[in-house]
Amino acid sequence: MRIGIISDIHANLPAIEEVLKALHRQGVTKIYCLGDTVNQNVWNNEVIELLLEKNIPVIQGNHDAGIGKGLQRFPFSFSSRETEKIGFEAIRYTLQQVTDENKKVLLSYPEKKQLTYHYADGKTLSMLLAHGVPGNMNERLYRFLPKKYFEKIIRDTGADVLLTGNTHSPHHLIIPFQTKEGVVYKHAINPGAVGKAGDGDWRASYAIITLEQNKDLLAHPEALQVDFYRLTYDIDKAVKAIQHSPLNIMYAGFLLGG
């Protein structure tokens, strides 16, 4: 089984179109999106409608929730007063652009989703999808946080595989847990951002998870394989769209700088 994981599109239609084409070529079984489909570029409605058309389940991110609720202000990361100012300007533009019908779509996204993978021998593997920390979509699970923090969240949620976005930076952590039966291995995975990279590489980021059929995924960490991909897209189109919109030109700089 091969599962495509995408996140943080942020209304960047050229980026998500290229990623979906690549995932189709790569023969994934299913695609899931971990949220933040809108805001900070111009193709908000187009991205929402493309994900609907492709029947891709989406987890609600903080930008999806804020725009869906029609909020003029909602919390997300600001590095300065200037980025806070342009952030609220972007929200106002996005609220004007997104249709009422698509705001309802954004609000229909669940805050988390539980998937169960069934082994041939009857055992199961639990996969939990969330945008940020389960129960708090605004909080970010950065890869450099102590492993004990990931351990606590995985233990509290009961997940074997924790899939989150929101940091705009990919990671895969393998975390051993000691049980009465021996050591089991659990995973924390972030696919990075499709439409607004945050790790210094402007290309679209996504992940493919491969689950081996004939190995106990908890007993053998290598039985769950995560491959990360970086994909070029028409970034000039995305930059020019921002330049010709009410969005602040700084958002074009954010795209180019990754």
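1. Let me start with helix α8 (residues 250-257), where Y251 and F254 are three residues apart and therefore separated by about one helical turn. Helices here are DSSP runs of H or I with at least four residues, strands are runs of E with at least two, and both are numbered from the N terminus. The rings of Y251 and F254 form an edge-to-face aromatic pair, with 5.5 Å from centre to centre and 85 degrees between the planes. Rings of Phe, Tyr and Trp (its six-membered ring) pair if their centres lie within 6.5 Å; planes under 30 degrees apart are stacked, over 60 edge-to-face, and the rest tilted. Y251 is buried at 4% relative accessible area, whereas F254 is partly exposed at 29%. Buried means under 20%, exposed over 50%, and partly exposed in between (1.4 Å probe, protein chains only).

2. A word on the basis of all this. The model is predicted: local features need pLDDT of at least 70, side-chain atom pairs count only at pLDDT 80 or more, and totals for chains, interfaces and linings use all residues. Residues are numbered from 1 along each chain as its sequence is written, and side-chain values use heavy atoms, leaving out hydrogens and water.

3. The structure has four aromatic pairs. Another one to look at is W202 with Y233: the ring centres are 5.6 Å apart and the planes stand at 65 degrees, so this pair is edge-to-face. It links distant parts of the chain, 31 residues apart: W202 is in the loop between β7 (182-190) and β8 (204-211), and Y233 in the loop between β9 (224-231) and α7 (235-243). W202 is partly exposed at 29% relative accessible area, while Y233 is buried at 8%.

4. The charged end of R73 sits over F88, 4.0 Å from the ring centre, and K186 lies over the face of F177 at 5.4 Å from the centre. The criterion is NZ of Lys or CZ of Arg within 6 Å of the ring centre and within 35 degrees of the ring normal.

5. Finally, do have a look at the second largest pocket, with a volume of about 250 Å³. Of its 14 lining residues, L20, H24, I31, K54 and I56 are the closest to the centre. The elements giving two or more residues to this lining are α1 (13-25) and β2 (30-33), and α1 gives the most, with six. A pocket is an open set of points on a 1 Å grid over the protein atoms alone where a 1.4 Å probe fits, with protein on both sides within 12 Å along at least five of seven lines; lining residues have an atom within 4 Å of a point. Its volume is the space filled by probe spheres set on the points, which are joined across faces, edges and corners.
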